[in-house]
Protein chains: 2
Amino acid sequence: MSELETVFNQVVHSARDTAKLEGALAMLEWDEHTYMPAHGGVYRADQITLLSGMIHARRTAPQLGEQLERLAASPWAADRSSPQGAAIAGWLRDYRRFVKLPQDLVEAIARATSLGQQAWVAARQADSWSDFQPHLTEIVGLYRQEAQLLGEAGNPYDALLDKYEEGAKAVEVTQLFSYLRNQLVDLLNTLRSAPSTPNGQSWQREIPLPVQQQASRWIAASIGYDFQRGRLDETAHPFCTTLGPNDCRILTRYHIDDFASGFYSTLHEAGHGLYEQGLDPQWYGLPPGSAASLGVHESQSRLWENFVGRSAPFWQWCLPQLKQQYAGYWDDLDANTVFKDANLAQPSLIRVEADEVTYNLHILIRFELEQELFNGQLSVSDAPQAWNERYQRYLGVQARSAKDGILQDVHWSAGLFGYFPTYTLGNVFAAQLMAAAQRDLGDLDTAFARGEFRPLLNWLQEKIHRHGRCYPPKQLIQQATGQELSAQPLVNYLRAKLEVAYGLV
Amino acid sequence: MSELETVFNQVVHSARDTAKLEGALAMLEWDEHTYMPAHGGVYRADQITLLSGMIHARRTAPQLGEQLERLAASPWAADRSSPQGAAIAGWLRDYRRFVKLPQDLVEAIARATSLGQQAWVAARQADSWSDFQPHLTEIVGLYRQEAQLLGEAGNPYDALLDKYEEGAKAVEVTQLFSYLRNQLVDLLNTLRSAPSTPNGQSWQREIPLPVQQQASRWIAASIGYDFQRGRLDETAHPFCTTLGPNDCRILTRYHIDDFASGFYSTLHEAGHGLYEQGLDPQWYGLPPGSAASLGVHESQSRLWENFVGRSAPFWQWCLPQLKQQYAGYWDDLDANTVFKDANLAQPSLIRVEADEVTYNLHILIRFELEQELFNGQLSVSDAPQAWNERYQRYLGVQARSAKDGILQDVHWSAGLFGYFPTYTLGNVFAAQLMAAAQRDLGDLDTAFARGEFRPLLNWLQEKIHRHGRCYPPKQLIQQATGQELSAQPLVNYLRAKLEVAYGLV
C-alpha cells in the first residue's frame, strides 16, 4: 500500500467512526422529537452537548489537519469527480470550516439549540413568544459569533449560507428571488380572474388518524421509500434524519380535518428519504456517500411532494386507490377536483402548508429577516413585529398570534440560519430536474397515472443520488440537466399547471 | 477547596460524562429492541461497539486510576455509608474490574452481543437453534476469556456472578437453592392433593391489544411509576432501561389470549422502574445514585409483580377497576377466582411465565448449565440436550422445540452469564423486605384492597432506593429488614398464600 493510500485509509477509518457518533447524536435527537418522556429534556441536552463536543474534537483534530494537507497535495485531490477526490475535497472543506470554531462555542450552541427546540415546542403550544424570546436571543448571539468566525473578511451571512449550500451567495439568492417575486405575483394576478377557482373541498373533511397513518405509509412505500431501511413516525415539525446507512427515518404530522397536510408532509419527507436511501452505502458518512447540499436535498423532497404529488396524473392513479383502500371518505370526489384542490394558490400564514406559488414568498421573508438579524439591522425583540409587517407586505395576510407567525418554524430554535434560502433553490433545482427527466424519459404522465414511479426514481438515483458530494451542487444540477441555474423552468411549470387547474386553458 | 475535594470533583465530572455516554448507548440499545428498521442492525452493532470501547477507555483511563488511588487513601473512603465514601468504593470496585479487561475484548463482546441479540430474535422466531448456535459459541468463548481475566486465581464463574451481585458466591447460591428446592418440591406435593385447584379461567379469554396496552399503562401508573419520567413500549423480551435521571423506560409484550402475561410483565418492569425512579437524581450515574445490585433490583420487580400483584387484596381492588374501565371482558369473574388463577402453581416451560413456586427451579437449571459451560463440563453444541434433560428432571416437562426451550431467554445472547442467580436472590430479598414492611407499616392488605400503594413505595424508597450503592447488597437488606439473608420468609410466604389459593386452609 502506498503512503498516500495509507493516509487516506486512516482518514476514512477515523471519519467512519465520527459518522457513527453523528448517528448516535441523530438517534438522541430523533428520540427527543418523538418518544422522550416529558422530563427527559434537560439531561438529553447535556448528552447532546457532550457528543457534539466530542464530534467537533474529532473533526478538528490537529492530526487530521496534517493528514488532510498531505492528501490535498496528492494527485487524488486533483479529480473531485472520483470518490477519493470528492472525499478529500469534502473533508478539507469541512475541516477548514470546523477549525474556525472553538469547542466551547460548539458545545454552547449544541446545548442552546437542544434546549431552544424544547422551549420552542412548549412556546408554540402555549402560543407565547415571550417564552421563546430569551432562547432565540441566546441562539442568535451564538450564531453571530459563529458567522463572524466563519466569514472572516467576507459577508457573515454568506458564511452561514455556505454551510448548507456550497458556493451560494446572498446576492445570487436575492437575484433569484427578485425574478421569482415578479413572475409569481403576476401569476397570482392572472389566477385571480380565473373562471374556475379550486375551493379546497377535497380536504375539508374529517379523516380518522389511523386512516391517515396508513395512507401515509402506503404513499411513501409507493414512491419507493424502503421501510426495511427506514420508518415513519410523528412529531411536531416534520423532518428526515439519517442514523446509519440502512436507517433513514422520516417524521410527519397529521391534522384530523386536513388530510393534505399530513399526506403531503409525508411525501415531502419521503422525497428526502429517497435521496438518503439512494446514496452509496459503501461511502456512508464520507463525502462521496453524502448529500450534495441542502438545496439539492430539497429538490428531491419538493419534486416528489409537488411535481409528482400535485400533478393531474398522480391523482388519476391515487384517488381510486384511496377510495378502494379506505372506502367512504372520498366517494364524492373525482381526480380532477382533487388535482385542482391540490393546486389552490392563495396567500396564507403557514409556510409548510403554503402552495407552490406563494411558498417562495414565505422563504423570502425569512431570508430578509435573517440577513437583518445578522447584519444588526433587526433585534430579536423586534422580530415578531418585522415578521408581521413583512407578511402583510408580501402576502397580504396577518397572523393572529405568534403560533401562526414567528413561532411556526423549528429552524431558528435549532440554529438553522442560512438554511431557508435552500428551500427556494430546491424548488428551482426540482423544476430543472423534472424538465430534464421528461426530456430523457419521455411521457412521465402516463407512468404516474399508472402509479409507476420507479423510472423517475432510477433517473434521479443515476443523475443525482449516486454522485454524493462528487460535484459542487450547481455543477451537479448542470450536469444532470444540461442547463445553467435558472428559475425559468420553475415559472414555466407553475404557469402551465396552474392555468389548467384554474380552467384558464 | 481542599486537594481531596478537587480530585473528588474531577472524578465526579468525568464519571458524569461517562454516564451520559452510557445513556446514549442505552438509547441505541432501546431503539434496537423497539423501533429500529429491519436492516439497521449491522451498523447499529458497529455504533454500539464504538461507544462501548469509548466508555471502556474512559473507565480504565490511567489518570482515573491514579485519582482513585489517592481517594482510596483519603478519610472519605473510610465511611462507605456517606455518598462520598460510597462513590469512592463503587468507583474503585468498578475500576479494578474494568482494568482487567483489554479494550479489544470489550469491543468484541459489544459487537458479538449486539449481533447475537439480533440473531436470537430471528432464531427464536424461526424456532431454529442452529441459527443461534454459532453466535452463542462465540459469545461464550469471549466471556470465558472475561471470566478468566476477572477471576484470576478464584472461581471464574464467581467472577461473573460478582459483576451483578457484589460479594455473591456460587457456593452460597447453591446452598440457597438446595434449601429452596426441598421446600418447594414439598409445597408442590402438598398442592397436588388440594381440594380446589385454580383452573386458569381468568386468563383464558381474548383481550384486544389496545385494552391490554391501556390496562398496562394504568397499572404501572397506579403503583407509582411516573410517565413524565418514563415510558412503556413493546419488545420481544421485556426489560427496563435507564437513559437519564428522568428517563427510565420499561418494555413489555402482549399475548392476545393471555392477559396475565403482559399485565404481570408490565408490573414486573414497573417495579424495576420504581427503583430507578427512586434513586437520587443528584447522584445520577454515580455509585450513590445507582442500584445496589441486580438481586436488589429484582427484589423490587418481584415484590410488585408477585407479593403485591398476586395478592388477594390486590385483586379485590383491581378487578372491579378493570371491569369498570373495560366492560365486557371480565364480567363472569370474581376477585377470589382471579387471585387463585394468579397463583396457579404448576411446572411449565417458560421461565418468565412461571409461577412463584416453580420459578426458582427454572433459575436453578440456568445456574447449573452456566457453571458447566464455564468450567468446561458442557459445550454449547450439547447445551440444548442438557437443557431438555434438566427440565425433565427438575420440572417434569419437555420443550417441543428450541423456542420454548433454550431459545426462550435473551440473557445468553446478551452475554449476561452470572445474571440468572440474582433472580432467585431477588425473590429471597423481596420476601424479607415484604415481611419487614408489614411489620413496620401494619396492615398492608387493607391498603392494597383500596389501591393504596404509596405507603409501601415510600417505605421502599426510604429503606432501599435512596441508599443507592452506599451499602453492599446483603448489608442493605439486613439493615432494611433486621434479618440476615434467609430463604425462610420466602417459603413461609409462599406456603401461606398458596394454601389459601388452593383451599387448604
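**Close-ups of a two-chain predicted model**

View 1. Strand β2 (residues 239–244) and strand β3 (residues 247–252), both of chain B, run antiparallel and are joined by five bridges. (Strands are DSSP runs of E, at least two residues, numbered from the N terminus, as are helices, H or I, at least four residues; strands pair if DSSP finds at least two bridges between them.) Two residues sit between β2(B) and β3(B) in this hairpin. G244(B) has D247(B) of β3(B) as its bridge partner.

A word on the model: it is predicted, so local features need pLDDT of at least 70 and side-chain atom pairs need pLDDT 80 or more, while totals for chains, interfaces and linings use all residues. Residues are numbered from 1 along each chain as its sequence is written, chains are lettered from A and ligands numbered from 1 in the order in which they are written, and side-chain values use heavy atoms, leaving out hydrogens and water.

**View 2. The axis between the copies.**

**View 3. Where chain A meets chain B.** Each chain puts in its share: 36 residues from chain A and 36 residues from chain B, with contact meaning heavy atoms within 4.5 Å. The copies meet through the same surface, because 100% of the interface residues of chain A are also interface residues in chain B.

**View 4. A salt bridge across the interface.** R44(B) and D247(A) join side chains in a salt bridge, 3.4 Å from N to O. The rule (a side-chain nitrogen of Lys or Arg within 4 Å of a carboxyl oxygen of Asp or Glu) finds four salt bridges across the interface of chain A and chain B. On the chain A side, α1 (3–32), α2 (41–59), β2 (239–244) and β3 (247–252) each supply at least two residues that touch chain B. α1(A) gives the largest share, eleven residues.
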